[in-house]
Amino acid sequence: MAEFGRSPSSYLKLPYSFDLPRLRAELVQLEASEWIRHFNTNAYVKDWLCLPLRAVDGRIDHIMPVNEGNFQDTVLMQGCPYMREVIDFFQCEKTSVRLMALQAGGMIKEHRDDGTSLEDGITRLHIPITTTPDVLFKIDGEEVHFSAGDTWYLNAACLHGVVNPGPFARVHLMLDCVSNAWLEQVFLAAGWIARPQPKYDDPAIHDGNVHEVIAMLRASGQAAGLQIAHRLESIRLGHQVTD
């Protein structure tokens, strides 16, 4: 539950830093690889490129946003022992792991990646490898620089975008992690504030439409629908609800 008077965390710097020269040396080895343009070409200006290090079935051509499947390291990971060490440092399961490059002068337009937050089960971590101080995220209206070699959490379900006005490509190692107790403890120690739970469990249901939802469920006549309607009505009236 979110703490009173403090906003839920849209981003967070974690207390872990890594060896930039070693990360950059391995990045140089990968520069000649087949980087893939991000599939949503309307979402950015200049090139936004991906290099999968872990993907569904270990495919080096798979960059689609999925959280289920047989995730395996790609062949590119074999030549990146230090990146492998960095990834293994985080005591959680990983789905996709990628290098993400935003070219000099590039911009990623503001957007949301629904379901990509600690609370939703997929925790997205960024470790910048090459960046400059003028590379800025805009996260729910706030400008933030993700410093090189450090570990940053982005609640990608928030409205966010990036600008890179500098002369060099910005490259991040990006990990999609399956949320677990270890991550939650690390986040809490770093000052993370969870978003409040939706009043009616489903964030799509709120005080403005709950009457309509209850009426539709009751009209269905189905036992499951009637049970949900009763639960929603109890919450609306402030009665104690037991599962």
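Residues are numbered from 1 along each chain as its sequence is written. In this predicted model, local features need pLDDT of at least 70, side-chain atom pairs count only at pLDDT 80 or more, and totals for chains, interfaces and linings use all residues, while side-chain values use heavy atoms, with hydrogens and water left out.

The protein contains five helices and 13 strands. The C-alpha trace spans about 60 × 40 × 35 Å along its principal axes. Of the 243 residues, 44% are buried. Buried means under 20% relative accessible area, exposed means over 50%, and partly exposed lies in between (1.4 Å probe, protein chains only). Among contacts with a separation of 6 or more, 72% join residues 24 or more positions apart. A contact means heavy atoms within 4.5 Å.

Two helix pairs were examined. Two packed helices are described by the angle between their axes and the distance between the axes. Axes are lines fitted to C-alpha atoms, for helices over the stretch in contact, and angles run from 0 to 180 degrees between N-to-C directions. Angles under 35 degrees count as roughly parallel, over 145 as roughly antiparallel, 65 to 115 as roughly perpendicular and the rest as oblique.

Helix α1 (residues 20–30) and helix α2 (residues 81–89) cross at roughly 125°, and their axes come within 8 Å. That angle makes α1 oblique to α2. On the α1 side, the residues in contact are R22, L23, E26, L27 and L30. They meet P81, Y82, M83, E85 and V86 in α2.

Helix α4 (residues 210–220) packs against helix α5 (residues 223–237) at an angle of about 155°. Their axes are 8 Å apart. The two helices are therefore roughly antiparallel to each other. Their crossing is left-handed, a term for a near helix turned anticlockwise from the far one by less than a right angle, with clockwise being right-handed. From α4, the contact involves V210, H211, V213, I214, L217, R218 and S220. The α5 partners are G225, L226, I228, A229, L232, E233 and R236.

Helix α3 (residues 181–189) has a buried side. Its buried residues are L183, V186 and F187. They cover an arc of only 100° around the axis, which puts them on the same side of α3. The arc is that of the directions from the helix axis to the C-beta atoms. Strands contribute to the cover over these residues, including β1 (11–17), β8 (122–130), β11 (150–154) and β13 (170–178). The face turned away from the buried side carries the exposed residues A181, Q185 and A189. At the start of α3, a side-chain oxygen of N180 reaches to within 3.2 Å of the backbone nitrogen of W182. A polar contact of this kind is a pair of N or O atoms within 3.5 Å; within protein, one must be able to donate a hydrogen and the other to accept it, and residues adjacent in sequence count only if both atoms are side-chain atoms. After α3 comes G191, with a positive phi near 100°.

T151 lies in strand β11. It is buried, at 0% relative accessibility. Its side chain reaches the backbone oxygen of Y16 at 2.9 Å. Leaving out residues up to four places away in sequence, T151 touches L12, K13, L14, Y16, F18, F90, L125, H126 and I127. D176 is found in strand β13. At 3% relative accessibility, D176 is also buried. D176 and T123 are 53 residues apart in sequence, yet 5.7 Å apart in space, C-alpha to C-alpha. With residues up to four places away set aside, D176 touches E93, K94, T95, S96, I122, T123 and R124.

N155 sits in the loop between β11 and β12 (160–163). It counts as buried, at 6% relative accessibility. Beyond its neighbours within four places in sequence, N155 contacts S9, S10, T116, S117, E119 and R195. D57 belongs to the loop between β4 (48–56) and β5 (71–73). Its phi is positive, about 60°, although D57 is not a glycine. D57 is partly exposed, at 46% relative accessibility. D140 is placed in the loop between β9 (136–139) and β10 (142–144). Its phi is near 50°, a positive value in a residue other than glycine. D140 is partly exposed, with a relative accessible area of 46%.

Note on methods: Helices (H or I, at least four residues) and strands (E, at least two) are DSSP runs, numbered from the N terminus.
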